Amino acid sequence: MQEDGKVMDGNLLGDANGVEPGTGRQKESGKWQRPRFTRKALMRCCLVKWIIASTGPKEQDSSDSDLELSTVRHQPEGLEQLQSQTKFTKKELQSLYRGFKNECPSGLVDEETFKTIYSQFFPQGDATTYAHFLFNAFDLDRNGSIRFEDFVIGLSVLLRGTVTEKLNWAFNLYDINKDGYITKEEMLLIMKSIYDMMGRYTYPSVRDDAPSEHVEKFFQKMDRNRDGVVTIEEFIETCQKDENIMNSMQLFENVI
């Protein structure tokens, strides 16, 4: 785990620049070079796989992409503004937008689309519940649909965010009723949904009581004042200080 302000090197996503875990930065001519964000690293994210698969082979310039923004029911912010709000380049935003528009011509994505995406990537499990929780984490204004802006801002945090940014996002996922606290029941629901989607089909196989054991152990460490709930401060502090919990919390990155 790296200190806050630096990008967390997730075990599945690589770092903010797309470097595979453990590879570090390339050294050329005696100077450390910032690696580029690679397509291989980007493709580790299910949602990005879905978008990239829908992107047409024809490259378009910025004027083409900006013109397309007026053809959908919901018009997202200009690409320049989104670039300032995310850690994606304008070219990357253009590519993401083309795929998003192809799959969601209205400019909005609904919960059923999320369920379809995850049922395709995890056909042997039941992804319905996890897709529901994940959709709610992206649906910030709680209106039953996700705009392109919210979609890419969330992806930017997950793929290129700092430790604190990612932990804030994870807390929002686990805080199912959005009251600012995580209960043991909420944490168990999220963990069970992940195991239902993929845990039962891992090798070696996962025991049925594994989610409950994990939640019991994590919650005891996180609920520092023993009031039955975990605040965002307790969540972030515990994760940053406990390497085992940090690694386990990164499980959700495996299925984004």
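Two rings of Phe, Tyr or Trp count as a pair if their centres lie within 6.5 Å, with the six-membered ring standing for Trp. In this predicted model, such ring pairs join W50, Y97, F100, F114, Y118, F122, Y130, F135, F138, F148, F151 and W169 into a cluster. The structure holds 13 aromatic pairs.

Start with F100 and F151. Their ring centres are 5.4 Å apart, and the planes make an angle of 50°. F100 sits in helix α5, residues 90–103, while F151 sits in helix α8, residues 148–160. The two are 51 residues apart, so this pair links distant parts of the chain. F100 counts as buried because its relative accessibility is 0%. F151 has a relative accessible area of 1% and is buried.

Now turn to Y118 and Y130. This aromatic pair is edge-to-face, with 6.0 Å from centre to centre and 75° between the planes. Y118 belongs to helix α6 (residues 111–121) and Y130 to helix α7 (residues 128–138), so the pair ties together parts 12 residues apart in sequence. Both Y118 and Y130 are buried.

Helix α7 leads on to α9. The axes of these helices come within 8 Å and cross at roughly 125°. That angle makes α7 oblique to α9. The crossing of α7 past α9 is right-handed. Which residues meet here? From α7 come F133, L134, A137 and F138; from α9 come W169, N172 and L173. By class, six residues of this contact are nonpolar, one is polar and none is charged. F138 and W169, both part of this contact, are also members of the aromatic cluster.

Two loop residues deserve a look at the backbone. R142 has a positive phi of about 60°, although it is not a glycine. R142 lies in the loop between α7 and β4, the latter spanning 145–147. Is R142 buried or partly exposed? R142 counts as partly exposed, because its relative accessibility is 42%.

K178 is not a glycine, yet its phi is positive, at about 55°. Its place is the loop between α9 (163–174) and β5 (182–183). With a relative accessible area of 27%, K178 is partly exposed.

Key:
Residues are numbered from 1 along each chain as its sequence is written. This is a predicted model: local features need pLDDT of at least 70, side-chain atom pairs count only at pLDDT 80 or more; totals for chains, interfaces and linings use all residues. Side-chain values use heavy atoms; hydrogens and water are left out. Rings of Phe, Tyr and Trp (its six-membered ring) pair if their centres lie within 6.5 Å; planes under 30 degrees apart count as stacked, over 60 as edge-to-face and the rest as tilted. Helices (H or I, at least four residues) and strands (E, at least two) are DSSP runs, numbered from the N terminus. Buried means under 20% relative accessible area, exposed over 50%, partly exposed in between (1.4 Å probe, protein chains only). Axes are lines fitted to C-alpha atoms, for helices over the stretch in contact, and angles run from 0 to 180 degrees between N-to-C directions. Angles under 35 degrees count as roughly parallel, over 145 as roughly antiparallel, 65 to 115 as roughly perpendicular and the rest as oblique. A crossing is left-handed if the near helix is turned anticlockwise from the far one by less than a right angle, and right-handed if clockwise. Contact means heavy atoms within 4.5 Å. Ala, Val, Leu, Ile, Met, Phe, Trp, Tyr, Cys and Pro count as nonpolar, Asp, Glu, Lys and Arg as charged, and the others, Gly among them, as polar.
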